[in-house]
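The following note sets out numbered points for a colleague who is examining this model.

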Amino acid sequence: MSTTDVHGTLKDCAVLLVDDEQTILLSLRDSLKDEGATVVTASSGDQALNVLKSRRFQVVISDVRMPGLSGLDLLTAVKETVSDTEVILMTAYANVEHAVAAMRLGSYDYVTKPFPNEKMVRVVENAWTTSKLRSEIRDLRQRTAQDADLGFVVGKSEPWRKVMDKVRTVATTDSTVLVIGQSGTGKELVSRALHLASNRRDGPFVRVHCASLPQTLMEAELFGHAKGAFTGAAQEVKGRFELAHRGTLLLDEVDEIPLEVQVKLLRVIQERVVERLGSGTPIPIDVRLIATSKGSLEELVAAGRFRQDLLYRLSVVQMRLPSLAERKDDIPLLIEHFLAKVTLRMKKGTLGFSRQALEVLLNYDYPGNVRELEHVVESACALAEPGTAVGPELLSEAVRERAHARPNMRVGFAAQPLSAAVDEFERSYLTHALREFKGSRSDLARVLGISRKSLWEKLKKYELDSGKED
Ligand SMILES: Nc1ncnc2c1ncn2[C@@H]1O[C@H](COP(=O)(O)OP(=O)(O)OP(=O)(O)O)[C@@H](O)[C@H]1O
Ligand SMILES: [Mg+2]
């Protein structure tokens, strides 16, 4: 056995050497070690695959013909999992078809046996350089994704931060993502963020709004059609899949796709090939898919309205977006964001909300989530006098009422006399009590620990008395 020369040209390079012929394993191993490589040997494809599960190698050298898993199978497995490992194949039975297949599958080189060991050492050196370059490029790409400007997405709360962390992690993979969230939670926005943080950001972002397309049009929209494919098809038209080539395709509200179209969609996703309606020509497509849904697709599967196999394909990665009620901490930031947007558009000077209006906005629960908050801010600003703070009276009745129904127990300091603050609290608390308490006024007075008369006086004072008696 030779000693390891730590100054060799292959220092820091880990090589996995696979052959069922012991003599080749041993002599090649020594030559590679002489150049400083770390070498692990395996005498079958299956054994190699096992080793690969627990260790990373920069270069794999494998014989093509072996009992069990062949060199080509091993190559396929390696290329599916680790992207910066180079694979060199060697064979005693040089065969053009095999060589072409190997290259197609991404092998670095195809060397015919017998060969002098020095030749293989040179090939490994070159492969290693390529592997290093590949991993550098990958790191660079990931860093760019992490730096991608996603400033248009607002939110600092814990649940939202988790969403954005996931966006940045999965963006650079080509995995299909299923985004689930109630209406107005930002599903489309997050899908755009995924595209912009991905390596496809310079490619197209194409959205198909599945809910707004009648079934008859949906297939033509998705897959395109040939000239004369149906009445009115005067010329051939590309489908959205083709338009999204090298980019991202968003299937918005995918739960609205009828079962018949789901079958075709599944085929396209599996085979990565589309056929325009009325044409038998397969067109290869390179598209990253994102799908959204308001509700759980599992329930639709159980109800027989969505194909299990399609759900499986679409939900390689699932992201659930929190409702705005789950990330209340983001409301002030979002208000600021929408105010800035509106200010630019409306040219009314700097717009802002009064303290009372903000209280109401913070206490409301937004069943329509971020979209509703955006509308509330917009419509209040539309009604506002230029240059004045927007007061609570400009917020819609629904917002004011529901916000009042949940008194804000967090008390802040507002430079006002204590008596006024106490009054404010008392009024808010009593409003709440009147709405929520189911018993009579006498019972309410007892619960509040005051006399009936005192309750009656307070309700009168705050103009809360509806005139209703027990
Ligand atoms: N985190 C956020 N930062 C800034 N704007 C947001 C954010 N989330 C949502 N919005 C805005 O709220 C509106 C609704 O978002 P979007 O359309 O992405 O939601 P959605 O989940 O697709 O809604 P729907 O279910 O109604 O289709 C958009 O105007 C979007 O720009
Ligand atoms: Mg949407």
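1. Asn369 lies in helix α15; helices here are DSSP runs of H or I with at least four residues, strands are runs of E with at least two, and both are numbered from the N terminus. Although Asn369 is not a glycine, its phi is positive, about 55 degrees. Most residues other than glycine have a negative phi, and most peptide bonds are trans. Asn369 has 0% relative accessibility and therefore counts as buried (buried means under 20% relative accessible area, exposed over 50%, and partly exposed in between, with a 1.4 Å probe and protein chains only).

2. The model is predicted: local features need pLDDT of at least 70, side-chain atom pairs count only at pLDDT 80 or more, and totals for chains, interfaces and linings use all residues. Residues are numbered from 1 along each chain as its sequence is written, chains are lettered from A and ligands numbered from 1 in the order in which they are written, and side-chain values use heavy atoms, with hydrogens and water left out.

3. Asp12 is placed in the segment before β1 and is exposed, with a relative accessible area of 58%. Thr9 is also found in the segment before β1 (14-18); at 44% relative accessibility it counts as partly exposed. Between Thr9 and Ala403 there are 394 residues in sequence and 71 Å in space, C-alpha to C-alpha.

4. The peptide bond from Lys113 to Pro114 is cis, with omega near -5 degrees. Pro114 sits in the loop between β5 (109-112) and α5 (117-147).

5. The chain is divided into domain 1 (14-142), domain 2 (158-322) and domain 3 (325-404), with bounds from an automatic or database domain assignment. The C-alpha centres of domain 1 and domain 3 are 62 Å apart.

6. Backbone atoms approach ligand 1 at several positions. A polar backbone atom of Val154 is 2.8 Å from a nitrogen atom of ligand 1. Oxygen atoms of ligand 1 lie 3.3 Å from a backbone N or O atom of Thr185 and 3.1 Å from one of Glu188. Taken alone, ligand 1 exposes 630 Å², and the protein buries 88% of that (Shrake-Rupley method, 1.4 Å probe).

7. The aromatic pairs number three; rings of Phe, Tyr and Trp (its six-membered ring) pair if their centres lie within 6.5 Å, with planes under 30 degrees apart counted as stacked, over 60 as edge-to-face and the rest as tilted. Phe223 and Phe241 have ring centres 6.0 Å apart and planes at 15 degrees, so this pair is stacked. Phe223 belongs to helix α8 (residues 215-223) and Phe241 to helix α9 (residues 240-243); both residues are buried. Tyr364 and Tyr366 form an edge-to-face pair, 4.6 Å centre to centre with 75 degrees between the planes, and both are buried.

Definitions and conventions: A polar contact is a pair of N or O atoms within 3.5 Å; within protein, one must be able to donate a hydrogen and the other to accept it, and residues adjacent in sequence count only if both atoms are side-chain atoms.
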